[in-house]
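Here is a short tour of a protein chain, written to be read with the model open beside you. Please keep the sequence and the 3D view at hand as we go.

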Amino acid sequence: MAFIMSARQALHLGNRLNVRYYSSAVKHEGARDVKRLGVVGAGQMGLGIALVAAMKAQVPVTLVDSNQKSLEKGLVFADQLLAKQVAKEKLTQSQSDAARALLSPTTSIDALHEADFIIEAVPEIPSLKFELFSRLASIAPSHAVLATNTSSISITRIAAATNDPSNPLDTSNSSRVVATHFMNPVPVQKGVEIISGLQTSQSTLATAVAFCEKMGKIVSYSVDSPGFLANRILMPYINEAIICLESGVGDRDSIDAIMKNGTNVPMGPLQLADFIGLDTCLAIMNVLHTETGDSKYRASVLLKNYVAAGWLGKKSGKGFYEYAKK
């Protein structure tokens, strides 16, 4: 017999699973104004987030990276993106100059003491994120939202890293942790996943939603489950394509061509993996496999070998395709 769930039953189940349903009238309830953004990590994701915030939300952005060369490289990339926007007449030169002036690069994380909203965009390494959020909790103003751009790691666990070990029931820090999972490349992709942990407050969630929309993004919601929505669907698809290559079901060009020409996606799964970064794909698959215990999320041997060889995709110059180094 088929079981049909009523709206009331669905809402009750959603509450038990920490799913938060929104009507247009309440989704911004308790949202706070963001006057300065902080971004940690000046890689492709962090720089993209910072630049879109400057262009769309028009807020000052403190961009932090411990590596001065990464900051310099990121800002060169920002200049190139802004120049393209001007060339395509999507921005005027004065708008481009204004957006660029809003970016303040620094190697000092202490510079985030004035930020109202901080987005972490560091590599997908749990211990690195836990350590960073513990530090952010002590640096950021008490009202500041602490957001992670993680694509797979539990928000509840990241939030727990902000707690005082001597008083784990105090959620004054963990309640302001939320996930804002932007899609890559941030200046192009409109989607963002919002994920709350068990500790996340309504005000934190509402502020995250309001600010992401101010950045011109279309918000989707996911529960705090491994991989959330985007990568729970996307990464097994990419991994299966790599297994098809590994086992000889098809060659690289055939695999990508059939998905591009048969499903109307802009690029095939192997090229997409190269653009995401094969190390990132492997890290996400490892989280999915470890956290769920399900063998369907076991990473391809070929994916592991490519990462071990340093063939990480576009950023390293070689992955499933080869790329000219700039």
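## Around Ala42

Setting aside sequence neighbours within four places, Ala42 is in contact (heavy atoms within 4.5 Å) with Leu47, Leu63, Val64, Asp65, Ser70, Leu71 and Gly74. A word on the model: it is predicted, so local features need pLDDT of at least 70 and side-chain atom pairs count only at pLDDT 80 or more, while totals for chains, interfaces and linings use all residues. Residues are numbered from 1 along each chain as its sequence is written, and side-chain values use heavy atoms, with hydrogens and water left out.

Where does Ala42 lie? Ala42 sits in the loop between strand 1 (37-40) and helix 2 (44-57). Here helices (H or I, at least four residues) and strands (E, at least two) are DSSP runs, numbered from the N terminus. Ala42 counts as buried because its relative accessibility is 5%; buried means under 20% relative accessible area, exposed over 50%, and partly exposed in between, with a 1.4 Å probe and protein chains only.

Asp65, one of the contacts of Ala42, lies in the loop between strand 2 (61-64) and helix 3 (68-87). With a relative accessible area of 12%, Asp65 is buried. Leaving out residues up to four places away in sequence, Asp65 touches Gly41, Ala42, Gly43, Ser70, Leu71, Thr106 and Thr107. The Asp65 side chain also reaches the backbone nitrogen of Ala42 at 2.8 Å.

In an unreviewed entry, UniProt places the feature "binding site" at Gly41, Ala42, Gly43, Gln44, Met45, Gly46, Asp65, Glu124, Lys129, Ser151, Asn184 and Lys315. Of these residues, the lining of the second largest pocket includes Gly41 and Asp65. UniProt positions follow the numbering used here, feature names are shortened, and annotations may be inferred rather than shown by experiment. A pocket is found on a 1 Å grid over the protein atoms alone, as an open set of points with protein on both sides within 12 Å along at least five of seven lines, and its lining residues have an atom within 4 Å of a point.

Thr150 lies in the loop between strand 5 (145-148) and helix 6. What does the side chain of Thr150 make a polar contact with? Its partner is the side chain of Glu124, at 2.6 Å. A polar contact is a pair of N or O atoms within 3.5 Å; within protein, one must be able to donate a hydrogen and the other to accept it, and residues adjacent in sequence count only if both atoms are side-chain atoms. Beyond four places in sequence, the contacts of Thr150 are Glu120, Glu124, Lys129, Ile155, Ile158, His181 and Phe228.

Ser174 is found in the loop between helix 6 (155-160) and strand 6 (177-182). Not counting residues up to four places away in sequence, Ser174 touches Ala159, Thr162, Asn163, Gln199 and Thr200.

## Loops and backbone

Some backbone details are worth a look. The peptide bond from Asn184 to Pro185 is cis, with omega near 0°, and Pro185 is in the loop between strand 6 and strand 7 (191-196). Phi of Gln58 is positive, near 55°, in a residue other than glycine; Gln58 lies in the loop between helix 2 and strand 2. Asn264, also not glycine, has a positive phi near 65° and lies in the loop between helix 9 (252-263) and helix 10 (269-276).

| Residue | Relative accessible area | Class |
|---|---|---|
| Thr150 | 0% | buried |
| Ser174 | 0% | buried |
| Gln58 | 59% | exposed |
| Asn264 | 70% | exposed |

## The whole chain

The protein has twelve helices and eight strands. Its C-alpha trace spans about 65 × 55 × 40 Å along the principal axes. Buried residues make up 45% of the 326 residues. Among contacts with a separation of 6 or more, 71% join residues 24 or more positions apart.

An unreviewed UniProt entry places the feature "domain: 3-hydroxyacyl-CoA dehydrogenase C-terminal" at residues 227-323. Over residues 227-323, the chain is 62% helix and 0% strand, with the end C-alpha atoms 28 Å apart.

Note on methods. 1 Å grid on protein atoms, 1.4 Å probe; cavity = no way out; pocket = protein on both sides within 12 Å on 5 of 7 lines; lining within 4 Å.
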